[in-house]
Amino acid sequence: MTDTEHRLLLANLPTPLDEAPRLRGALGGPTRCPSILIKRDDLTGLATGGNKARKLEYSVAHAQANGATVLVTTGATQSNHARSTAAAARRAEMRAVLVLTADPADPPPAPAGNHLLDALLGAEIHFVPPGPPPTAESPCPENPHELQAIRRVMAELVAEGEIPHLLPLGASDAIGTAGYVEAAVELEDQLRMLDVRASRVYVAAGTRGTQAGLVLGRKMIDASWRVHGIAVSPGDPEKTARAVVFTNACAERLGTAVRVGGAEFITHQEYFGEGYAIPTPGCREAIRLLAETEALILDPVYTAKAMAGLLDHIRRGDIRAEETVVFIHTGGTASLFAQVDQLGLGAA
Ligand SMILES: *Cc1c(COP(=O)(O)O)cnc(C)c1O
């Protein structure tokens, strides 16, 4: 699994596993609140860090092994994945082309947050308008503008003599998922060193690759903890069904006989509010609470919604005070600086 031929070293690993005693205190202390450990994957360090660095170690090595010269990927304007891809491309001495979705109703985005970093990293950026809104029948519709732009970009690169490699949204596929199988092993080693048996691991669930790697990894090592994903946007059961397929394809690549099923993806659907990147009251509260107790910075798109889920589970008594839970801080720090208006700090 740690075969460096299949891995480009991009992340500072292992990431710290920190206690959060002041947060625990604010939630009623050791008699009422479980012990909370925070796995600092925001500190992976790839042009600010985050979870995509672990996945891209495998995804970019795979692209290189296939002779690729350019990484192409997609995402929102504030995509952490797109920024991480732009940074990984520099380390791998490749070009990066990003197809980013921006609402044409908004003024053309002034570079800020991840978009600013994309520009500094010298990525080529193409903006496309959003696709159709999700409906009950089609919870994650394809964006025809994005598909068209990808096709055009890939053809142009080939015409230039480049070998483009398209990375999936969030680097969530059979290859990138291996980064979080590795993270499950790393976390379990750290828990063992602390002589702690954790009961639950909380993580933001977007494209599900992070959750998928943890679910597969925990099963491979028979860890005591279950993975609790907090969905940051709608799209189930389709997203889970897709994740089961790429998780098992990842297992096959890793040469293990372990396979996972949909029931192992515990994904809580109550915390995404109106949709992707739309902050909820719970998410704003989580940002403030973590900043004021632990000086930990969460982002409104992913980590604050995941933390809002964990806080709710603690407050409603789902987790006993004797238990230990782990929160995976998946990053997102850069996007915070482009979302000042959404944070509601003016009303503070
Ligand atoms: C991409 C991302 C996630 C979600 O990870 P998935 O593997 O797409 O589910 C969570 N947090 C942050 C900060 C991210 O950038």
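**View 1. Cysteine 283 and cysteine 250 in the predicted model.** Cysteine 283 counts as buried, because its relative accessibility is 0%, and in this predicted model cysteine 250, at 1% relative accessibility, likewise counts as buried.

View 2. How many disulfides does the structure hold? The structure holds zero disulfides, and cysteine 283 gives an example of the reasoning: the closest cysteine sulfur to its own belongs to cysteine 33 and is 20 Å away, which is too far for a bond because a disulfide requires two cysteine sulfur atoms within 2.5 Å.

**View 3. Polar contacts between the protein and the ligand.** A polar atom in the side chain of lysine 52 is found 2.9 Å from an oxygen atom of the ligand, while the backbone supplies a polar atom at glycine 206, which is 2.7 Å from a ligand oxygen atom. At glycine 209, a backbone N or O atom is 3.2 Å from an oxygen atom of the ligand. Taken alone, the ligand would expose 380 Å², and the protein buries 98% of that area.

**View 4. The shell of residues around the ligand.** The elements that each contribute two or more residues to this shell are α2 (52-65), β7 (200-205) and α7 (209-221). There are 16 residues around the ligand, and those that come nearest are Lys52, Lys55, Thr207, Thr210 and Thr330. Sorted by class, the shell consists of three nonpolar, 10 polar and three charged residues.

Technical notes. Residues are numbered from 1 along each chain as its sequence is written. This is a predicted model: local features need pLDDT of at least 70, side-chain atom pairs count only at pLDDT 80 or more; totals for chains, interfaces and linings use all residues. Side-chain values use heavy atoms; hydrogens and water are left out. A residue is near a molecule or strand if one of its heavy atoms lies within 4 Å of it. A polar contact is a pair of N or O atoms within 3.5 Å; within protein, one must be able to donate a hydrogen and the other to accept it, and residues adjacent in sequence count only if both atoms are side-chain atoms. Accessible areas come from the Shrake-Rupley method with a 1.4 Å probe; for residues, only the protein chains shown count as cover. Helices (H or I, at least four residues) and strands (E, at least two) are DSSP runs, numbered from the N terminus. Ala, Val, Leu, Ile, Met, Phe, Trp, Tyr, Cys and Pro count as nonpolar, Asp, Glu, Lys and Arg as charged, and the others, Gly among them, as polar. Buried means under 20% relative accessible area, exposed over 50%, partly exposed in between (1.4 Å probe, protein chains only).
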